[in-house]
Amino acid sequence: MSETDDLSKNPQSLIVFDGACIMCSAFADFIVRHDHKKQFLFTTAQSPLGLSLYTQYGLRTDIYETNIVIIDGVAHQKMGSLIAALDALGWPWRAVSVLKLLPKPLRNTLYDFIARNRHRFFGKKDNCDIPSAALRARIVE
């Protein structure tokens, strides 16, 4: 049984994020700080598990243009990943669900613009940072 098969039986949700992206790492840290139910586990896109999931969902593994948020066995990408993760945190973060009112192509175009420019806007690390202790405790490889 593969690690991805094991995840479908795991009651916890998973966030796959680009560990070399400052904005993506900040997103993971934000979720850890506000996930009081500890429902999310994390892995970097660069890890064996992250690479496997990117491949499984048909995503490029040379650049990481989206986070993957898996909740109840359903994988969310692009703006849907942000909405799903914040919705799972409850109020007040769930208010971001109002973005669902925008047509999905528009949401994804906005997400793609930010993703394409994230290193220019926020910077990039040469390699994955050592995560905070709180995040490190919830990382799976």
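Just after helix H3, Gly58 adopts a positive phi of about 70 degrees. Helices here are DSSP runs of H or I with at least four residues, numbered from the N terminus. Please bear in mind that this is a predicted model, in which local features need pLDDT of at least 70 and side-chain atom pairs count only at pLDDT 80 or more, while totals for chains, interfaces and linings use all residues. Residues are numbered from 1 along each chain as its sequence is written, and side-chain values use heavy atoms, with hydrogens and water left out.

Let me turn to H3 itself, which covers residues 48-56. Its buried residues are Leu49, Gly50, Leu53 and Tyr54. Viewed down the axis of H3, these fall within an arc of 135 degrees, so they line one face of the helix; the arc is that of the directions from the helix axis to the C-beta atoms. On the face turned away from that buried side sit the exposed residues Pro48 and Thr55. Buried means under 20% relative accessible area, exposed over 50%, and partly exposed in between, with a 1.4 Å probe and protein chains only.

Next, helix H2, residues 22-34, contains Ser25. Ser25 counts as buried, at 12% relative accessibility. Its C-alpha atom is separated by 9.0 Å from that of Thr44, 19 residues apart along the chain.

Finally, the cysteines. Cys21 is buried at 0% relative accessibility, and Cys24 is buried as well, with a relative accessible area of 7%. How many disulfides does the structure hold? The number is 0, where a disulfide is a pair of cysteine sulfur atoms within 2.5 Å.

Key: Helix = DSSP H or I, 4+ residues; strand = E, 2+ residues; numbered from the N terminus.
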